[in-house]
Amino acid sequence: NARRRRALRHGGAVQKVSASATGFDVAAQPDDDQLLLIHEALEGLAAHDPRKAELVKMNYFVGLTFEEIAKVFGLTTRTVERDWAYARAWLFNEIERLRGDRR
């Protein structure tokens, strides 16, 4: 078993480093309640303005840049930036409202 672990194909030549020693911060996983709030808020935004909801998904979850999103939608980058600012504010207010309803 020890020879197998030392074998090159099993990573024997690679130095093991803990994730905390790399200097990279690992994002904490949101709890289920937060995920549900975000999901409900995004559904509300999709009902209010579907394009802005898609923009949030493309930027936040897919990782597209504003320039890439602008090409997908056939918009200017400035319009995408304005829509992003609106969507963030709308989602913030909606999440706060949903939190208040659950208390």
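The term means a side-chain nitrogen of Lys or Arg within 4 Å of a carboxyl oxygen of Asp or Glu.

I noted that this is a predicted model: local features need pLDDT of at least 70, side-chain atom pairs count only at pLDDT 80 or more, and totals for chains, interfaces and linings use all residues. Residues are numbered from 1 along each chain as its sequence is written, and side-chain values use heavy atoms, with hydrogens and water left out.

I then checked where the pair sits. Arg78 and Glu81 are both in helix α5 (residues 77–102), 3 residues apart, about one turn of the helix. Helices are DSSP runs (H or I, at least four residues), numbered from the N terminus.

Next I looked at accessibility. I used buried for under 20% relative accessible area, exposed for over 50%, and partly exposed for in between (1.4 Å probe, protein chains only). Arg78 is partly exposed at 46%, and Glu81 is partly exposed at 31%.

I moved along helix α5 to Arg99 and Glu96, also 3 residues apart, about one helical turn. Their salt bridge has its closest N and O atoms 3.1 Å apart. Arg99 is partly exposed at 30%, and Glu96 is partly exposed at 37%.

Then I turned to Lys52. Lys52 bridges to Asp49, closest N and O atoms 2.7 Å apart. Lys52 is buried at 10%; Asp49 is buried at 19%. Both belong to a salt-bridge network of Asp49, Arg51, Lys52 and Asp83.

Notes
Helices (H or I, at least four residues) and strands (E, at least two) are DSSP runs, numbered from the N terminus.
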